[in-house]
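Keep the sequence and the model side by side as you read. The text goes from a sheet to packed helices, and then to a few single residues.

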Amino acid sequence: MRVPFVNFRIQYEYLRKDLESRLSDVFEKMQFVRGPEVALFQNEFAKLLGAGACVTTGNGTDALLLSLKALTVSTGDEVITPAFSWISSSETVTACNAVPVFADVNPETFTIDPDQIIQKISPRTKGIIAVHLYGQAARVRDIQALCKQHNLFLIEDCAQSHLTADGDQYAGTFGNAGCFSFYPTKNLGAYGDAGCVVTSDRTLAEKIRRLANHGALLKDDHELEGLNSRMDTIQAAVLLAKLPHLPTWTRSRQRLARLYSELLAPIDKVIPPVVRPNTQHTFHLYVIRAERRNELQAYLYSRGVETIIHYPSALPNLPAYGYLHHKPNDFPVSSMLAKQVLSLPLYPEMTEDQVTYVCEIIASFYKK
Ligand SMILES: *Cc1c(COP(=O)(O)O)cnc(C)c1O
């Protein structure tokens with residue numbers, strides 16, 4: 001059996017007719033940028049999450065960058081951000097001439113640890129970026145309280161957490177801004193780069209909308225300088241076709257994740273992911289912690305199972321952050337996780353037989 005890490009084709013075949021008709025509409029109207037599909041998607045996505053507004057952007061990284069800029073992050077400011085994440089959550093801070101201040105994560109949930117945040121708050125701290133990593137809700141209610149207490153902004157990086165929820169509230173609606181990516185592999189994926197910011201702060205939404213379009217809302221109305229970061233109409237049309245299926249696809253991921261965890265439970269060399277109580281984990285990635293991780297990965301690969309490591313290095317240990325002079329021991333949990341984590345194949349259309357096969361291979365590896 002071959003188990004690819006993801007499979008876009010099944011979803012494409014399933015949506016083909018709808019996609020073809022929506023795309024040919026876009027081609028006929030020829031409004032390739034700022035077409036009606038973009039506004040429609042913004043409304044639909046904001047409505048789905050229960051957010052006041054949605055502003056689409058060129059990608060998820062720009063959603064973070066534009067939010068930081070709109071919240072006036074600049075030279076000398078510090079922003080607290082997880083030591084274990086994709087680099088976007090810290091490189092965008094640097095892009096504002098500010099300093100990313102890393103905080104370690106919780107080893108069970110992989111998300112930023114509020115107790116570690118407290119230790120990193122300084123008079124220069126301007127805000128916090130919480131990442132709902134792998135689809136797991138970060139402790140966003142506690143972080144929200146910290147932000148209130150210390151007068152900090154909260155940005156949620158929701159690139160991996162479409163429809164993730166804490167209690168009855170969706171990720172992305174707890175902070176000043178929730179930043180989403182629609183990169184093709186994400187739980188809601190476009191056919192190219194795309195992203196958005198959701199916020200219930202009307203003034204902030206308008207500022208981000210301006211910043212994403214050269215500082216202008218209407219043509220030539222440049223109140224400030226911005227950049228060019230818009231979701232194009234083709235991507236909006238693809239996302240509109242996919243959006244109604246997102247809840248079903250999410251439930252499918254959750255069902256397959258439960259099966260994985262059930263089948264992996266007897267293997268004591270593997271720690272399956274936990275789900276924080278009273279939250280919805282949307283399993284963008286199903287990530288285990290494994291003994292002899294690299295050997296296990298090679299063994300799975302030799303038996304047709306594709307896995308990926310998200311991420312092989314804690315951010316502060318990357319050459320890109322050498323200038324901050326951190327040591328691996330400064331972030332013991334993140335540095336440990338970088339050696340243990342392994343993402344197993346997971347996509348909504350994956351079969352239970354495939355999940356079972358992956359788990360059998362893992363069990364046979366540790367019996368060797
Ligand atoms: C994918 C991702 C991003 C960036 O999104 P792009 O659309 O690729 O720019 C940001 N943060 C996290 C956690 C991601 O996984």
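What follows is a walk through selected parts of this predicted model.

Residues are numbered from 1 along each chain as its sequence is written, and side-chain values use heavy atoms, with hydrogens and water left out. Because the model is predicted, local features need pLDDT of at least 70 and side-chain atom pairs count only at pLDDT 80 or more, while totals for chains, interfaces and linings use all residues.

Start with the sheet. Helices (H or I, at least four residues) and strands (E, at least two) are DSSP runs, numbered from the N terminus. Two strands pair if DSSP finds at least two bridges between them. Three strands form an open sheet here, in the order β10-β12-β13, and their pairing is antiparallel. Its edge strands are β10 (270–271) and β13 (341–344), each of which pairs on one side only. Strands of a sheet pair through backbone hydrogen bonds, either parallel or antiparallel.

Look at the two pairings in turn. β10 and β12 (residues 286–290) run antiparallel and are joined by two bridges. On this side, V270 stands opposite A290 of β12. β12 and β13 also run antiparallel, with four bridges between them. There, Y286 stands opposite L344 of β13.

How many of the residues of β12 are buried? Buried means under 20% relative accessible area, exposed means over 50%, and partly exposed lies in between (1.4 Å probe, protein chains only). Five of the five residues in β12 are buried, and the strand is mostly covered. In a regular strand the side chains alternate between the two faces of the sheet. In β12, Y286, I288 and A290 point one way, while V287 and R289 point the other way.

A helix lies on this sheet. Helix α11 (residues 332–340) lies across β12 and β13, and runs at about 95 degrees to β12. Axes are lines fitted to C-alpha atoms, for helices over the stretch in contact, and angles run from 0 to 180 degrees between N-to-C directions. V333, S334, S335, L337 and A338 are the buried residues of α11. These pack against β12, β13 and α10 (293–302). Contact means heavy atoms within 4.5 Å.

Now turn to the helices. Two packed helices are described by the angle between their axes and the distance between the axes. Helix α1 (residues 8–29) and helix α8 (residues 233–242) have axes that come within 9 Å and cross at roughly 140 degrees. α1 is therefore oblique to α8. Angles under 35 degrees count as roughly parallel, over 145 as roughly antiparallel, 65 to 115 as roughly perpendicular, and the rest as oblique. On the α1 side, the residues that meet α8 include L15, L19, L23 and F27. Among their partners in α8 are I234, A237, V238 and A241. By class, this contact of α1 with α8 has 10 nonpolar, two polar and three charged residues. Ala, Val, Leu, Ile, Met, Phe, Trp, Tyr, Cys and Pro count as nonpolar, Asp, Glu, Lys and Arg as charged, and the others, Gly among them, as polar.

α8 also packs with helix α2 (residues 36–49), at an angle of about 40 degrees and with the axes 8 Å apart. α2 and α8 are therefore oblique to each other. E37, V38, L40, F41 and E44 of α2 make the contact with T233, A236, A237, L239 and L240 of α8. By class, the contact of α2 with α8 has seven nonpolar, one polar and two charged residues.

Finish in the loops. N176 lies between β7 (169–170) and β8 (177–181). N176 counts as partly exposed, because its relative accessibility is 29%. Leaving out residues up to four places away in sequence, N176 touches L71, F153, L154, V198, T199 and L204.

Most residues other than glycine have a negative phi, and most peptide bonds are trans. L163, in the loop between β5 (153–157) and β6 (165–166), has a positive phi near 75 degrees. N278, in the loop between β10 and β11 (279–280), has a positive phi near 60 degrees. Is each of these residues buried or exposed? L163 is buried, with a relative accessible area of 9%, whereas N278 is exposed at 66%. Lastly, the peptide bond from H310 to Y311 is cis, with omega near 15 degrees. Y311 is in the loop between α10 and α11.
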